[in-house]
Amino acid sequence: MKRRHLLKGFGLGATAAVVSARAAAQPAKPAPSTAAALSLSWPGPQLASAERLGHCRIGNGPAVCVVLHEWLGDHVNWEPTLPYFDLGRHTLIFMDLRGYGWSRASTGTYTLQEAVGDVLRTADSLAIPRFHLVGHSMSGLVGQAIALSAAARIQSVTLFSPVPPTGFHADEAALKALNAVIDEDEAAARAITARTSNRYSAGWLQRKLRIAREAATTDAMRGYLKMFTSSAITDDPHRLAAPMHVVNGALDIPFYRGEASHNAFAAAYPQATFETIDDAGHYSMLETPVRVASIIEKRVAAAG
């Protein structure tokens, strides 16, 4: 099925359960045609090369944080948090996985092992021997694998609404629904609004859908969907040397919040700590950016 692109006019059409008919019927202004046009605050991003992922380095502080993204968004998801970091104390390295954002032209197998190797190789190319790691949703799984495979390099791990170590188990019906998100605007809108308790305006939904549709190639989305629905962390969890902090949004779907998430992480990582953002769903960096930046800074400071 051919993807119906929201950037051609936000065709929400039959998504009455997601946004009001009045809002959906309003004409939309022409939208930018590239991810770069959506993101105007990134100083000097570097596109991917054979040696490293596309990335952007912000700040010049001694605490270095590598920040990764979710399945329905690239680095642009993190843009609202940028004004709230102390860039004299922190250096933020935002990386896009293969097929996303600044790495959009990079193809691959889109496996967990490939993503881990890409992040570590990029850190090597930037001469970053040790760093704090921040992940979101699908990259929460990638972050766990990095923290176990390169334990001596990781100073702390902060994961927002992460896929648990067991992976995202999806039956045939769930996989069909997730694949529809890649191709169908209405399906993507339903998924986004479900993960935010259906409480935001049509304008917010349009913005998030723009980010999702500009973030990645369809091949990358299908590849990483297979990755996080068929992969699990198999390394010995006792290899985790860094403190791990798991942050959930109270308004997310049950899989990503509350006991379901906490129990999965506590079973694998007994030393993990937990925090809930009461006023956020799955996209806390878009919904509560000040809180997210503050959590990251506090975890970095606590790790020393």
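## Basis of the description

Two strands pair if DSSP finds at least two bridges between them. Helices (H or I, at least four residues) and strands (E, at least two) are themselves DSSP runs, numbered from the N terminus. The model is predicted: local features need pLDDT of at least 70 and side-chain atom pairs count only at pLDDT 80 or more, whereas totals for chains, interfaces and linings use all residues. Residues are numbered from 1 along each chain as its sequence is written, and side-chain values use heavy atoms, with hydrogens and water left out.

## Overall composition

The protein contains 11 helices and seven strands. Among its 304 residues, 57% are buried, that is, under 20% relative accessible area with a 1.4 Å probe and protein chains only.

Of the contacts (heavy atoms within 4.5 Å) with a separation of 6 or more, 81% are between residues 24 or more positions apart.

Strand S3 covers residues 90–95; six of its six residues are buried, so the strand is largely enclosed by the rest of the structure. His 90, Leu 92 and Phe 94 point one way from S3, while Thr 91, Ile 93 and Met 95 point the other way.

Strand S1 (residues 55–58) runs antiparallel to S3 and is joined to it by four bridges; here Cys 56 has Phe 94 as its bridge partner. Strand S2 (residues 63–67) pairs with S3 in the parallel sense over five bridges, and the bridge partner of Cys 65 in S3 is Leu 92.

Definitions and conventions
Buried < 20%, exposed > 50% of the residue type's maximum accessible area, 1.4 Å probe, protein only.
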